[in-house]
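Hi everyone, thanks for coming.

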Amino acid sequence: MRTGTAREARSCRAPDPVGARADRQNFRDAVLRGLSSTPRFLPSLYFYDARGSQIFQRIMALDEYYPTRCEREILERDGERLVGCLLERHGTLVDLGAGDGTKTHLLLSRLFHRSPGLSYAPIDVSPSALWDSLSRMATAFPGLHVVPVVGEYAEGLRWLGAREGIGALLVLFLGSNIGNMEREEARGFLRGLRSALRPGDHVLVGFDLLKDRAVLQRAYDDAQGVTAEFNLNLLARMNRELGADFDLSGFAHRATFDPVRPAMESWIESLRSQIVTVAGRRFAFAPGELVHTEISCKYREGDITELARSGGFAEVGRFRDRRGWFADALWRVPDRWP
Ligand code: AVJ
């Protein structure tokens, strides 16, 4: 994990080579573990290299991919109430999985002139996405105290636990990023988040709500094939970084709906019998074989209530878009727990 200031972010655009080596090592280990498992999987975390982050930007602009626009509608309409806990006081807006930061920009613009000593702490695994949003934020909000953290959520959480002098926290976990975790994993994550926080801190969590399955299917298998490109970029990334020899035309994107979790799931299907070399190891793929790449959970209102309770949070409010397709839940760390 690396941290720095906004000023450094502007002068030092390239990710540090030591961190990059560590990323590559982690990627290699995760890939070899996932491809050696039955059934095979690849962790969705690795979608977000520089290319993947760019493709995800294009996903967010798709007509079919409604979550981004739904959540933006909520942040625009209810922004004032969502950031109320930091208004007129010294505190820190923490962004878990900050991505390109456009949603955060919306919230920061409500806080910047009114909260003296405000800090902004974005945490993201993608150095390129982080540095981009940082330089944009430094330009939009001159003088804003920015503490960027390149790393996974767990590392970011440890950093949170060790903090001093940055006031009350409002932690953003937007975009239904929580949906990438299985239910039990999400519970553990939220418990860990709550234990890194102090009474009076707040979290704002975005949840994609369960809806008509045709709408879901289109959102995860768009007509232009941008989501397919996003998914198959995992193979291209292995070719680029691990000396793999995937022929991308031998694989296809698949999106399925699991009504039990409920969740959308993404897979990479091998279209023929083929042997691929990855980091010097050979892997045989059967025709029709599926590699699991992502789970995107969909939530019922009661699931959100249950997650708040099991995480040890008190729910302050829940905000939905007009169509009721997406919800942002505002939770507070209570004074006493349990
Ligand atoms: C960024 C994890 C919320 O699961 O909807 C978009 C990623 N995958 N299309 C999601 C994604 C396929 C997205 N999250």
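Okay, one bit of bookkeeping before we look around: Ala, Val, Leu, Ile, Met, Phe, Trp, Tyr, Cys and Pro count as nonpolar, Asp, Glu, Lys and Arg as charged, and the others, Gly among them, as polar. With that, the shell around the ligand splits into six nonpolar residues, six polar ones and one charged one. Keep in mind that this is a predicted model, where local features need pLDDT of at least 70, side-chain atom pairs count only at pLDDT 80 or more, and totals for chains, interfaces and linings use all residues. Residues are numbered from 1 along each chain as its sequence is written, and side-chain values use heavy atoms, with hydrogens and water left out.

Let's stay with the ligand. Which of the 13 residues around the ligand come nearest? They are Tyr65, Gly175, Tyr220, Glu294 and Ser296, and being near here takes a heavy atom within 4 Å. Some of these make polar contacts, that is, pairs of N or O atoms within 3.5 Å. Tyr65 has a polar side-chain atom 2.5 Å from a ligand oxygen. For Tyr220, a side-chain N or O atom is 2.5 Å from an oxygen atom of the ligand. Glu294 goes to a nitrogen atom of the ligand instead, with a polar side-chain atom at 2.7 Å.

And how much of the ligand does the protein cover? On its own the ligand has 350 Å² of accessible area, and the protein covers 96% of that (Shrake-Rupley method, 1.4 Å probe). Helix 3 (50-60), helix 10 (226-242) and strand 12 (290-297) each give two or more residues to the shell. Those are DSSP runs numbered from the N terminus: helices are H or I with at least four residues, strands are E with at least two.

Arg51 and Glu229 join their side chains in a salt bridge, 3.4 Å from N to O; the rule is a side-chain nitrogen of Lys or Arg within 4 Å of a carboxyl oxygen of Asp or Glu. Arg51 sits in helix 3 and Glu229 in helix 10, 178 residues apart, so to speak a link between distant parts of the chain. By this rule the count comes to 28 salt bridges.

The peptide bond from Thr38 to Pro39 is cis, with omega near -10°, and Pro39 is in the loop between helix 2 (17-36) and helix 3. Arg261 to Pro262 is also a cis bond, with omega near -15°; Pro262 belongs to the loop between strand 8 (251-258) and strand 9 (263-270). Finally, Ser176 has a positive phi of about 60° although it is not a glycine. Look for Ser176 in the loop between strand 6 (168-173) and helix 8 (183-196).

Key:
Polar contact = N/O pair within 3.5 Å; in protein donor to acceptor, adjacent residues only side chain to side chain.
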